[in-house]
Amino acid sequence: MSSAADARPPLDRSALAGLPGFSVEVLDETASTNAVCADRAREGAPEWTVVVAEHQTAGRGRLDRSWELPARSGLAFSVLVRPHVSPARWGWLSLVAGLAVAEAIGPDATVKWPNDVLLGGRKVCGILSELVTTGSTTGAILGIGINVDLTSDELPVPTATSLALAGITISRTVLLTSVLLRLRHRIAELSTFSEADLIRAYAARSATIGSAVSVSMPDGSVIEGLAEGIDGDGRLLVGGRAINAGDVVHARLT
Ligand code: BT5
């Protein structure tokens, strides 16, 4: 670890181990917390198993992109969930994970469909959700990366920011705890909320809805237009078309 990492306080392992209803495993270093969490799911780990790394050396983004975070400068963690909701509602998981992160960060954070959290228009958090099936049981791994106290020199891309650069000071342990509690609350709402309730809660934090967007699809086509809203399955509505999160290469707000 670099001297900068040494100067950064470690996660409070005993506080995290004592979090009721969660089983939190803190690793010093791993390639990807999503990969470890998927292994735990295959080993039969219970829902709300959480794997967090002080240093993630090969963090993954969507579509083989990478997620880079210096040691102890942020949060890199993955949560195993198995919500008892209809398959259509599973499409909401990464959206409500983004909501939970935005709420934990504070009123200035917005969600950019499908899987980013922004501060001042810059990306402070990325989410990678993956399904893992073991026998007849399917779970979702919600992988969340949050930039906490990266300096401007440490930002991996110019479109990124960190909480510290936005003037927000919070301990990583407190932030992780807050995200987990809000995530549990938001996922419970997938069972109790109507489609209209879900859409309303998401739209209230959305930086995307009402903006002109440009969405790149895997076949190379680009859909441009006004993001009119999202539908009951969490799909983005652009020019009358409903776009699935899984079909998006890039979504730009213009
Ligand atoms: C994401 O992908 O934003 C999902 C990132 C998920 C990371 C978490 S960390 C814990 C868990 N374990 C993993 O292995 N992954 C998850 P995507 O939308 O494809 O965005 C990736 C792009 O974001 C990269 O190509 C860069 O342009 C940019 N990027 C990389 N690192 C970043 C950072 N720290 N902050 C902001 N942007 C970043």
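Strand β5 points G74, A76, S78 and L80 one way and L75, F77, V79 and V81 the other way, and all of these are buried (under 20% relative accessible area with a 1.4 Å probe, protein chains only; exposed is over 50%, partly exposed in between). Eight of the eight residues of β5 are buried. In a regular strand the side chains alternate between the two faces of the sheet. The model is predicted: local features need pLDDT of at least 70, side-chain atom pairs count only at pLDDT 80 or more, and totals for chains, interfaces and linings use all residues. Residues are numbered from 1 along each chain as its sequence is written, and side-chain values use heavy atoms, with hydrogens and water left out.

**Seven-stranded sheet**

- Seven strands make an open sheet with mixed pairing, in the order β1-β2-β5-β9-β8-β7-β6; strands (E, at least two residues) and helices (H or I, at least four) are DSSP runs numbered from the N terminus, and two strands pair if DSSP finds at least two bridges between them.
- At the edges stand β1 (23-30) and β6 (109-112), each with a single partner strand, so one side of each has no neighbour in the sheet.
- Neighbouring strands of this sheet are turned by 20° against each other on average, direction ignored; axes are lines fitted to C-alpha atoms, for helices over the stretch in contact, and angles run from 0 to 180 degrees between N-to-C directions.
- Helix α3 (residues 33-42) packs on the sheet and touches β1, β2 (49-56), β5 (74-81), β8 and β9, where contact means heavy atoms within 4.5 Å.
- The direction of α3 makes about 150° with that of β2.

**Pairing within that sheet**

- Four bridges join β2 and β5 in the antiparallel sense, and A53 has A76 in β5 as its bridge partner.
- β5 also pairs antiparallel with β9, over eight bridges; the bridge partner of F77 in β9 is I144.
- Strands β8 (residues 122-134) and β9 (residues 137-147) are antiparallel over ten bridges, and L131 stands opposite A140 in β9.

**Largest cavity**

- Three cavities of 30 Å³ or more are present; on a 1 Å grid over the protein atoms alone, a cavity is a set of points where a 1.4 Å probe fits but cannot get out, and lining residues have an atom within 4 Å of a point.
- The largest cavity holds about 40 Å³ of space, a volume being the space filled by probe spheres set on the grid points, which are joined across faces, edges and corners.
- Its lining includes A53, H55, L69, R72, G74 and A76.
- β2 and β5 are the elements that give two or more residues to this lining, and β2 has the largest share, with four residues.
- By class the lining has five nonpolar, four polar and two charged residues; Ala, Val, Leu, Ile, Met, Phe, Trp, Tyr, Cys and Pro count as nonpolar, Asp, Glu, Lys and Arg as charged, and the others, Gly among them, as polar.

**E103 in helix α5**

- E103 belongs to helix α5 (residues 93-105) and is buried, with a relative accessible area of 18%.
- Leaving aside neighbours within four places in sequence, E103 is in contact with R182, R186 and R205.

**Five-stranded sheet**

- Another open sheet has five strands in the order β13-β12-β11-β10-β14, with antiparallel pairing.
- Its edge strands, β13 (241-243) and β14 (250-253), each pair on one side only.
- The twist in this sheet averages 40° from one strand to the next.
- Strand β10 (residues 212-216) runs antiparallel to β14 and is joined to it by four bridges; S214 stands opposite R252 in β14.

Technical notes. 1 Å grid on protein atoms, 1.4 Å probe; cavity = no way out; pocket = protein on both sides within 12 Å on 5 of 7 lines; lining within 4 Å.
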